[in-house]
Amino acid sequence: MYYPINYGYIEGVMAPDGEEQDAYILGVNEPVCKFTGKIIAIVYRKDDIEEK
């Protein structure tokens, strides 16, 4: 699956689905292995048990 944004997870933060919390990294146009940043928004999805 292709995502036009960086998509990964927050290590050590568990989400309601039992997996680590998913996260989008906006404004970084190349794949990254690690990222340190600030949460600026939460995406609430009606068809998913967890937020992004």
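Trainee: How many bridges join strand S1 to strand S2?

Mentor: Six bridges connect S1, residues 6-14, with S2, residues 20-25, and the two strands run antiparallel. Strands pair if DSSP finds at least two bridges between them. The strands themselves are DSSP runs of E with at least two residues, helices are runs of H or I with at least four, and both are numbered from the N terminus. Before we go on, please note that this is a predicted model, in which local features need pLDDT of at least 70 and side-chain atom pairs count only at pLDDT 80 or more, while totals for chains, interfaces and linings use all residues. Residues are numbered from 1 along each chain as its sequence is written, and side-chain values use heavy atoms, with hydrogens and water left out.

Trainee: How many helices and strands does the protein chain come to?

Mentor: The protein chain has zero helices and two strands. Its C-alpha trace spans about 30 × 25 × 20 Å along the principal axes.

Trainee: Which residues stand opposite each other in the strand pair?

Mentor: Ile10 faces Gln21 in S2, and the bridge partner of Met14 in S2 is Glu20.

Trainee: What about the hairpin, where does a positive phi occur?

Mentor: At Gly18, whose phi is near 85 degrees. The hairpin of S1 and S2 has five residues between the strands.

Trainee: Changing topic: how many aromatic pairs does the structure hold?

Mentor: There is one aromatic pair. Tyr7 and Tyr24 form it, with 5.5 Å from centre to centre and 40 degrees between the planes, which makes the pair tilted. The rule is that rings of Phe, Tyr and Trp (its six-membered ring) pair if their centres lie within 6.5 Å; planes under 30 degrees apart count as stacked, over 60 as edge-to-face and the rest as tilted.

Trainee: Which parts of the chain does that pair link?

Mentor: The pair links distant parts: Tyr7 sits in strand S1 and Tyr24 in strand S2, 17 residues apart.

Trainee: And why does Tyr24 count as partly exposed?

Mentor: Because its relative accessibility is 26%. Buried means under 20% relative accessible area, exposed means over 50%, and partly exposed is in between, with a 1.4 Å probe and protein chains only. Tyr7 is also partly exposed, at 35%.

Trainee: What share of the residues is buried?

Mentor: Buried residues make up 15% of the 52 residues in the protein chain.

Trainee: Which residues form the nonpolar patch on the surface?

Mentor: Met1, Tyr3, Ile5, Tyr7 and Leu26 form the patch, with about 570 Å² of accessible area together. Patches are made of residues with over 30% relative accessible area and no salt bridge; nonpolar side chains (Val, Leu, Ile, Met, Phe, Trp, Tyr) are joined within 5 Å, and like charges within 9 Å. The areas come from the Shrake-Rupley method with a 1.4 Å probe, and for residues only the protein chains shown count as cover.

Trainee: Where does Ile5 lie?

Mentor: Ile5 is in the segment before S1, and it is partly exposed with a relative accessible area of 32%.

Trainee: Now to charges: how many salt bridges does a search of the whole structure find?

Mentor: The search finds two salt bridges. A salt bridge here is a side-chain nitrogen of Lys or Arg within 4 Å of a carboxyl oxygen of Asp or Glu. Lys52 forms one with Asp22, where the closest N and O atoms are 2.7 Å apart. Lys52 lies in the segment after S2 and Asp22 in strand S2, so this pair ties together parts that are 30 residues apart in sequence.

Trainee: Which residue meets Lys52 in a salt bridge of 3.7 Å?

Mentor: Glu50 does, N to O between the side chains.

Trainee: One last thing: how is Ile42 placed relative to Tyr24?

Mentor: Their C-alpha atoms are separated by 9.7 Å, and the residues are 18 apart along the chain. Ile42 lies in the segment after S2 and is partly exposed, at 49% relative accessibility.
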